[in-house]
Amino acid sequence: MKRTLGTCYYPEHWPRAIWEDDARRMAGAGLTWVRIGEFAWSRLEPEPGRYAFDWLDEAIAVLGAAGLRVVLGTPTATPPRWMIDRHPDMLAVDSDGRPRKFGSRRHYCFSHEGYKAECAKIVTQLAARYGQNPHVAAWQTDNEYGCHDTTISYSDAARRAFRGWLRARYPGPSNDGDIRALNDAWGNVFWSMEYGDFDDIDLPNLTVTEPNPSHVLDFRRFASDQVVAFNRLQTEIIRAHSSTPIAHNYMGRVTDFDHYKVGADLDIASWDSYPLGFLEDRVPATVAQQRLYARQGDPDFQAFHHDLYRAVGRGRLWVMEQQPGPVNWAPYNPAPLPGMVRLWSWEAFAHGAEAVCYFRWRQAPMAQEQMHAGLLRPDSVEAQGLVEARQVAAELAEAPEVSHTRAPVALIFDYDAEWAWAIQPHGAGLSYFELVFDTYRALRRAGHSVDILPPDSDALSEYKLIAAPGLMHMPEALKTALAASGAVLLLGPRSAARDGSMRIPVPLPPALPGLDATVSHVESLRPDTPVALESGGTIRSYREILETDAEVLETTTEGEAVVVAQGHLIYVAGWLDPDAMRRLIHVASDRAGLACLDLHESVRCRDAGAHRFWFNYGTEAHDVEGRTLPPLSVTREARD
Amino acid sequence: MKRTLGTCYYPEHWPRAIWEDDARRMAGAGLTWVRIGEFAWSRLEPEPGRYAFDWLDEAIAVLGAAGLRVVLGTPTATPPRWMIDRHPDMLAVDSDGRPRKFGSRRHYCFSHEGYKAECAKIVTQLAARYGQNPHVAAWQTDNEYGCHDTTISYSDAARRAFRGWLRARYPGPSNDGDIRALNDAWGNVFWSMEYGDFDDIDLPNLTVTEPNPSHVLDFRRFASDQVVAFNRLQTEIIRAHSSTPIAHNYMGRVTDFDHYKVGADLDIASWDSYPLGFLEDRVPATVAQQRLYARQGDPDFQAFHHDLYRAVGRGRLWVMEQQPGPVNWAPYNPAPLPGMVRLWSWEAFAHGAEAVCYFRWRQAPMAQEQMHAGLLRPDSVEAQGLVEARQVAAELAEAPEVSHTRAPVALIFDYDAEWAWAIQPHGAGLSYFELVFDTYRALRRAGHSVDILPPDSDALSEYKLIAAPGLMHMPEALKTALAASGAVLLLGPRSAARDGSMRIPVPLPPALPGLDATVSHVESLRPDTPVALESGGTIRSYREILETDAEVLETTTEGEAVVVAQGHLIYVAGWLDPDAMRRLIHVASDRAGLACLDLHESVRCRDAGAHRFWFNYGTEAHDVEGRTLPPLSVTREARD
Amino acid sequence: MKRTLGTCYYPEHWPRAIWEDDARRMAGAGLTWVRIGEFAWSRLEPEPGRYAFDWLDEAIAVLGAAGLRVVLGTPTATPPRWMIDRHPDMLAVDSDGRPRKFGSRRHYCFSHEGYKAECAKIVTQLAARYGQNPHVAAWQTDNEYGCHDTTISYSDAARRAFRGWLRARYPGPSNDGDIRALNDAWGNVFWSMEYGDFDDIDLPNLTVTEPNPSHVLDFRRFASDQVVAFNRLQTEIIRAHSSTPIAHNYMGRVTDFDHYKVGADLDIASWDSYPLGFLEDRVPATVAQQRLYARQGDPDFQAFHHDLYRAVGRGRLWVMEQQPGPVNWAPYNPAPLPGMVRLWSWEAFAHGAEAVCYFRWRQAPMAQEQMHAGLLRPDSVEAQGLVEARQVAAELAEAPEVSHTRAPVALIFDYDAEWAWAIQPHGAGLSYFELVFDTYRALRRAGHSVDILPPDSDALSEYKLIAAPGLMHMPEALKTALAASGAVLLLGPRSAARDGSMRIPVPLPPALPGLDATVSHVESLRPDTPVALESGGTIRSYREILETDAEVLETTTEGEAVVVAQGHLIYVAGWLDPDAMRRLIHVASDRAGLACLDLHESVRCRDAGAHRFWFNYGTEAHDVEGRTLPPLSVTREARD
């Protein structure tokens, strides 16, 4: 696999006169890719049905002539102002019932049929015109689905579509659905919430107290499916005109839609990696960690998403937007330390990325992102990001090609579980994402390379150790596949705690084949009242009380079972703190025949093909297994 | 008085086939009562006017046949979905102007006449059918009035009703009210807020800055009266068909309506006691206390409500829902320590409860409360709550009957004062409830049994010591009755600080007969700037500066009078911290001829008939007056 | 200049029978002024078009007969209830889209033409009737423009008016504006935000993510201009009937409209000074400072506003409302320490006030401000405020007259910069006001008297030192005028960082003539990650990285330039902490030939004419330059 670099460019923002020079400088810096077009709808269709492609023809020609390969974006994330006149009800509606107005971006509801028809038209125009263009080497659909909390809409269009979705989910003898099946599935006899007809069903916002969790979970699944359908509309049109691969650029920790399902219709999963912005905004990190890594980013957050989206892309991963300097949108926006742009780039490659594109070529002097650094400053002078990008380009030219290899350890990430936990955290702030991320961090502190898998992966038998914490619902097929995998399994807490309709199953959870353990009851804990473990560390936040005949690996200081094992299966009856989690990973690795390291909190490694990459996110050097890792460094070495 | 136990059961949630077994197990565990029906409207009236009572007939028969006595609830807290089609404007409206939609419970506005007519119909049906049923031994109206902040609604129906209520409060020569009387009472000349007609008057939400406090206080009184009227509609219907006692199940620290007024139409005051949920959610406790009692609940919060609702029930008190294990709705939901369910049960009896019913029989596997423990687990296995309930049942069988006796100390709780403080706390977060609760806690730390009284109690002369802090408005009759009681009186701060229309009276407050003291001015204090007292402790949060010729019992370190006394009257010119409050209670008790204890913060006692009960909420044993109280224990002994 | 005292009085609140006595007591206490009328619309026009001036005639006559001079307010801040029936859409609308209802005050949108016509009518009536009244010696328009966040409205009226304002700002060949000019100015090509017509433009609320900052800045300028126009409507009417000076009473730290522009239509700038309320509510102070000065107020906040509003009033300054005791509206409302009312009064005079009027004469026993102290208690007994007012009156009688003199140091405050920072703080919580206030505090700790100037001041050459931090946009004329002033200039950070349309200019900022320094990039910092300076202290919150050939005065510990100087110009590339700011002020003063003091944090001084005033806000005495300042004192002495 050849590794490449690129950037994001907006020819429509700049005078025609400088396009050639920009293209020349991009190519000169060693960049291969240039993404364009994804916010340009008002320039492509200035009035309804009047198209203006000349400028884009010319931009593609100029960039192509410089040897660059174009990623062409569909502009559907930014419908022009006239669209709102044509479809006043196309705006998404927030949970308070307020339309989310024109004036920024992503101002559409995924369920609006009229808007979807408009999208089909512009995408058809673009695909027909550029589908065979030799310089257009990839497509991007829309931009950052779900960003700014746009997956979920409480609009009239969403309400209508949700009713239709439910009719299909609870099919009846006619085409009209079986409302009794829905009432049973949701347990609507509770609090007299029974419906007489699908048209009685509203969206689950603004209820007096919390809505039925089954209602909300179906709504969340519906909302996710609307994203899938919206994206598929575009991929089907593009494929009719082009055989070039199609990507979408996902965001970090946007979990409101099932990326695996969207990814199934795409060729490449790409994502937008903003390590510093994310650290302030959405990484599960302590304040001490935020302070320590304020200019480097979290040592695991980027890697987690590389591994996750590599699964979403079924092996094909890009970083479509890489932070090149300070951004504009986080609560605090410091500059990265020198060397970090290079480190982030190499880390992406180590985790299997084919390409890393920096956002953006030149800092825009206007509008919302004027404080977002580019590779160039607004005055076209080279910024720090370009210095490091050029260095990476030079290093890539020297580096051997690699093929990505399977890791020995798998970690399952399940969007449905994320929604179920969000709907019913039981304890304030408890989050499935954080539980999985805590596990991921512990695995990497132990030196493991990790593959993230969807819950319906057919590759479970390829791993020696599979961690799958917090899977609220486990279909029987998953239970069976895990048991059959032969891997050491790390399950719990909350495994199989709900059926497919968010009800507690009987027999009680986890009801795992081969494990004599039942969760008698559960409790959530105040952050200041963790439960101490006999071997050190604590259970914090969430805990299950087990009835079990299995081998007990960990107990509380009061002797209650916390971690139990039977055969290949290890069940963890609570949320472990880092001390206890470390011990758990070492025990599980040992049972799986995997050696562990004890890495410094700033140090990580990743195996890729014949090489092992070492990363030091810290500002001091660290010695690891006989080698010294300089501060803020990436080190590549041949694997043992 | 015979003390009994019970539980809450939802036959409509379970297969018909297990009803007999459930009933048998209830009776076998020593339970007497089973409450049913209060959320079942969609099963009782599946379509408008079509009733389905067969299943309920059968459920009552099955339960009755097992020897259980049924408490039958009216289902008006959960109108079915079809009701919204018939009365789209029946939903309450929140302070932001948004309708509070169908999809959970309590989705109605107390002022909607159409909905009230529907309630009258279903209650008539139930009362007529079951009014003479031999197994129906009590009624419950609706469920938890005011829960989820549902007393106050800003709907059109509420606006119309408020105008009518005001016309009646400010009567004019015709039936149409005297708008000038209202303008005078509210002081509407201020800021040109004068009204020309009652129909000009809006609800006091969404004003530019704070609305007129007189306007808000009348609105709060109106909202409370709407609850009273809503409840009375049901009691009048039930009484026409049944001579069985009627109860309502109040919540903890819901103070938006006047429980005394609702209680006047009922035979029994019952309440729903969730010690752990309340501690996280609404007890005035420090974080240290929340941590210390996370699995036991606050040592005073349950007792306070027992004493309050015993007054509301004019002596007849039940716990209709007793927490039996972890609940689902608090920020954190730990499991109670073993023994606490028993302790809570006995504490209720010690404070005069006739019955304690556990919520609920079996944990529901579906819908909003699926994480709420029951006496049985979802798989029908016995949970810890049932173990302790059975123990209590056995102990009750051995225990002598008691008749509740009057306590020597009274504490007045006034809902109108609670609203006045909420409208005008003067200092951020100041709350009448917390002031009264602080006083209650100090009285109990001093070993006193306490009766809580309404401000219009006719029993004032039965007490040796009466505490009545924070009574913002004191009608002349109350001032007179207190003076005539002969008791030592603990008044202040803010006593009689407003007239009945929320204006400052002249002569200035407190203007108490027999007390030479005038509040010259008041101030609220930052939490970090308390005022030190000469004898130790501080005034915190709220303070009055007195002009006085009375005896000065406490001064600030600067010599300003803080506590003054004259005759039987002690006036406290500020919010005392626990140190100063302890001293105050000891001095007042001494003047009243009452001996004091100095109980550990985890230990409380309560006299009931010939017995004294000791409670230890702590996890360590404590020695009190020569006896040792084991951890988490209740101890009954004969009174001296 | 003669210094005078006054008070605010509401004859409509009190029985006619006590007016004479009130007037007599006012005059007897040494008061000159009495402000009346400003909330009395419902009494002046009880029904549309029916006027009732008799009572006001009489009140003015009574007050005038006692020798008092009347300030007559227009009542437009409190339109009566009937006004809403005539103009239901006159209410302002909040950013969530909710009308801000009747029931308090300031319930109008500045853009509503119908309401403005009503205002014109009542002001015409008043001006015609009282314009030549011998007792009416000044006018006040409306009351506290912008208070309760009322400058900005998202109403339909505002939307219409904003479109018209934009047409005028971006003029086209016809009268209809040039939408392409607007699109260019705002950079609307970004995210396809281009408009086809001015009628496409909405107000910038409720967008999916942040709106275009250029859009918001124009909206903020528009909203400010609407206040100016609203006020001018009244001044033009009054001037047609009266030659008496006109004032408006501004609030503390209300910055949503450009006070200089409003002030240009007025004769006097007055403001409402509530030191204790402001300290809890809006002073940029640490918690430690809030605690230390809870009963005195911040030592710089009042002075800052005196100096700011003296500029707004082009030399003529009043305090129209002076806090006389505890207020009602802050989170905590302690009583001032004895002596503070006197100190505040004298401080106003030292900063050039002509008059100080206490709010209010007698505490109102009703409505929203019933907890707001007056000079009299509700029972007409003298309160502490009147004791001190009488003392000030006596001292004034003894004091020499003064003429205000120019200070040697100027500080520029620019409302446009305040809006630009608010729109784009880049780091959470960063505020232009706070940056200027930090600078002001440091200047005063150094013993300087300060004049605050508007950015278009024509007096720049009168100063030895001019500080102008944070001027986001600097028109070329300002750059030129500053360079030509001859003063030592303290600029930065963010100087000239944006053009007039909120775009980053190229060449990059600050592009100051005579300064070889370019901001390469900027960053905002977490509060817990300040950057240490080589000479001590830190940069906190906001920082610029410079490319510079200028003299470097301060560097980080890593050697990066932080403060640079060239000629008279000093540029500060970041937000300095107090330590570093102190050093900066001393260096700059030294270069300007100004001696510095190092005052205690509680001590300040101010030169006024031939005198120097010393103020001690602390509760302990302090020695300064050989003299002892008693606690809570003001000391006047002849200047050296």
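Helices and strands, as named in this report, are DSSP runs numbered from the N terminus, a helix having at least four residues and a strand at least two. In this predicted model, Arg494(C) lies in the loop that joins strand E12 (488-491) to strand E13 (517-524) of chain C.

**A buried arginine in chain C**

Because its relative accessibility is 1%, Arg494(C) counts as buried. Leaving aside neighbours within four places in sequence, the residues in contact with Arg494(C) include Trp421(C), His426(C), Tyr542(C), Glu544(C) and Tyr571(C) from chain C, together with Met371(A) from chain A. Between Arg494(C) and Ala138(C) there are 41 Å in space, C-alpha to C-alpha, and 356 residues in sequence.

A further arginine of chain C, Arg163(C), is found in helix H6 (residues 156-169). Arg163(C) is buried and yet has no salt bridge, the nearest side chain of opposite charge being that of Asp199(C), 4.3 Å away; a salt bridge would require a side-chain nitrogen of Lys or Arg within 4 Å of a carboxyl oxygen of Asp or Glu. Not counting residues up to four places away in sequence, Arg163(C) touches Phe198(C), Asp199(C), Asp200(C) and Ile201(C).

**The annotated site in chain A**

UniProt, in an unreviewed entry, places the feature "domain: Glycoside hydrolase family 42 N-terminal" at residues 8-398 of chain A. That span is 40% helix and 10% strand, and its end C-alpha atoms lie 25 Å apart. The domain assignment of chain A gives domain 1 (4-150 + 227-398), domain 2 (156-217), domain 3 (409-592) and domain 4 (603-638), and the C-alpha centres of domain 2 and domain 4 of chain A are 53 Å apart.

For "active site", UniProt lists Glu144(A) and Glu321(A), again in an unreviewed entry. These residues span 178 residues in sequence, yet no two of their C-alpha atoms are more than 10.5 Å apart, so they gather at one spot. Glu144(A) has its place in the loop between strand E4 (136-140) and helix H6 (156-169) of chain A, whereas Glu321(A) lies in strand E7 (residues 317-322) of chain A. Glu144(A) counts as buried at 4% relative accessibility, and Glu321(A) is likewise buried, with a relative accessible area of 4%.

Not counting residues up to four places away in sequence, Glu144(A) touches Arg105(A), Arg106(A), His248(A), Asn249(A), Met251(A), Asp272(A) and Glu321(A).

**Salt bridges**

Side chains of opposite charge can pair when their charged atoms come close. A search of the whole structure finds 180 salt bridges over all chains, and the table sets out some of these pairs.

| Salt bridge | Closest N and O atoms |
|---|---|
| Arg316(A) with Glu354(A) | 2.9 Å |
| Arg377(A) with Asp379(A) | 2.8 Å |
| Glu113(C) with Lys116(C) | 3.7 Å |

The pair of Arg316(A) and Glu354(A), whose closest N and O atoms are 2.9 Å apart, links distant parts of the chain, with Arg316(A) in the loop between helix H12 (301-312) and E7 of chain A and Glu354(A) in strand E8 (residues 353-358) of chain A, 38 residues apart. Arg316(A) is partly exposed, at a relative accessible area of 31%, whereas Glu354(A) counts as buried at 13% relative accessibility.

In the pair of Arg377(A) and Asp379(A), Arg377(A) is buried, with a relative accessible area of 6%, while Asp379(A) counts as partly exposed at 22% relative accessibility.

Glu113(C) and Lys116(C) both lie in helix H5 (residues 113-130) of chain C, three residues apart, about one turn of the helix. Here Glu113(C) is exposed, with a relative accessible area of 55%, and Lys116(C) counts as buried at 11% relative accessibility.

**Relation between chains**

Chain C is superposed on chain A by a rotation of 120° with 0.0 Å of shift along its axis, at an RMSD of 0.0 Å. That is the relation of a three-fold axis. The C-alpha of chain C nearest the axis belongs to Asp96(C), 5.6 Å from it. Asp96(C) also takes part in a network of salt bridges that links Asp94(A), Asp96(A), Arg98(A), Asp94(B), Asp96(B), Arg98(B), Asp94(C), Asp96(C) and Arg98(C).

Technical notes
Residues are numbered from 1 along each chain as its sequence is written. Chains are lettered from A and ligands numbered from 1 in the order in which they are written. This is a predicted model: local features need pLDDT of at least 70, side-chain atom pairs count only at pLDDT 80 or more; totals for chains, interfaces and linings use all residues. Side-chain values use heavy atoms; hydrogens and water are left out. Copies are superposed by least squares on the C-alpha atoms of residues with pLDDT of at least 70 in both. UniProt positions are given in the numbering used here, feature names are shortened, and annotations may be inferred rather than shown by experiment. Buried means under 20% relative accessible area, exposed over 50%, partly exposed in between (1.4 Å probe, protein chains only). Lys and Arg count as positive and Asp and Glu as negative; His and the chain ends are not counted. Contact means heavy atoms within 4.5 Å. Domain bounds come from an automatic or database domain assignment.
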